[in-house]
Amino acid sequence: ILFYEDPTVEAMADLMTKFVFDPAVLGDELHGIAAERMARASRPEVERSHRATFAFAGDPLPISKDTMATITQPVLVVHGRDDRLMPLECGHWYADAIPGATLEIIDDAGHWLQIEHHDRFRDLVREFLR
């Protein structure tokens with residue numbers, strides 16, 4: 001998923017289909033949404049930030065379990081079971097590393113589970129914040 005190697009609306013649309021479990025959730029709006037996102041994604045500072053975020057030098061996760069263990073506030077980890085960008089093991093890692101974290105796994109959901117399962121995600125967050 002190296003969008004910036006070929007930053008086109010088509011590449012953005014292809015990337016977006018990987019963010020969801022079922023690309024049909026984007027409907028006929030896929031190319032329109034991709035075109036809208038291009039204006040932001042094409043800004044030099046956005047590209048620079050993206051490249052810096054994903055330019056791994058050594059350990060791909062610079063946050064250690066020791067650091068995670070210092071978190072004392074409640075944490076809700078919500079992960080799509082079918083996330084193709086961040087495997088489910090990532091959600092388990094965070095939930096295991098953060099003391100008292102709650103892990104919610106949503107079936108038939110990808111990386112954009114908050115879009116695919118908006119109502120469920122909203123309800124989970126509201127309940128957690130109560």
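Which elements each supply at least two residues of the lining of the second largest pocket? In this predicted model, they are β1 (76-80) and α5 (88-97).

**Close-up 1. Lining of the second largest pocket.** The second largest pocket has a volume of about 190 Å³. Its lining consists of V77, V78, H79, G80, D83, M86, C90, G91, Y94, G110, H111 and L113. Four of these residues come from β1, the largest share of the lining. By residue class, the lining divides into six nonpolar, five polar and one charged.

**Close-up 2. The aromatic pair of F19 and W112.** The structure holds three aromatic pairs. In one of them, the ring centres of F19 and W112 lie 4.8 Å apart with the planes at 50°, so the pair is tilted. The two residues are 93 residues apart and link distant parts of the chain: F19 sits in the loop between α1 (9-18) and α2 (30-41), W112 in the loop between β2 (102-106) and α6 (113-116). F19 has a relative accessibility of 17% and therefore counts as buried. W112 is also buried, at a relative accessible area of 11%.

**Close-up 3. The aromatic pair of W93 and Y94.** The rings of W93 and Y94 form an edge-to-face pair, with 5.0 Å from centre to centre and 85° between the planes. W93 counts as partly exposed because its relative accessibility is 23%. Y94, at 26% relative accessibility, likewise counts as partly exposed. Y94 is also one of the residues lining the second largest pocket.

Conventions
Residues are numbered from 1 along each chain as its sequence is written. This is a predicted model: local features need pLDDT of at least 70, side-chain atom pairs count only at pLDDT 80 or more; totals for chains, interfaces and linings use all residues. Side-chain values use heavy atoms; hydrogens and water are left out. On a 1 Å grid over the protein atoms alone, a cavity is a set of points where a 1.4 Å probe fits but cannot get out, and a pocket is an open set with protein on both sides within 12 Å along at least five of seven lines; lining residues have an atom within 4 Å of a point. Grid points are joined across faces, edges and corners, and a volume is the space filled by probe spheres set on the points. Helices (H or I, at least four residues) and strands (E, at least two) are DSSP runs, numbered from the N terminus. Ala, Val, Leu, Ile, Met, Phe, Trp, Tyr, Cys and Pro count as nonpolar, Asp, Glu, Lys and Arg as charged, and the others, Gly among them, as polar. Rings of Phe, Tyr and Trp (its six-membered ring) pair if their centres lie within 6.5 Å; planes under 30 degrees apart count as stacked, over 60 as edge-to-face and the rest as tilted. Buried means under 20% relative accessible area, exposed over 50%, partly exposed in between (1.4 Å probe, protein chains only).
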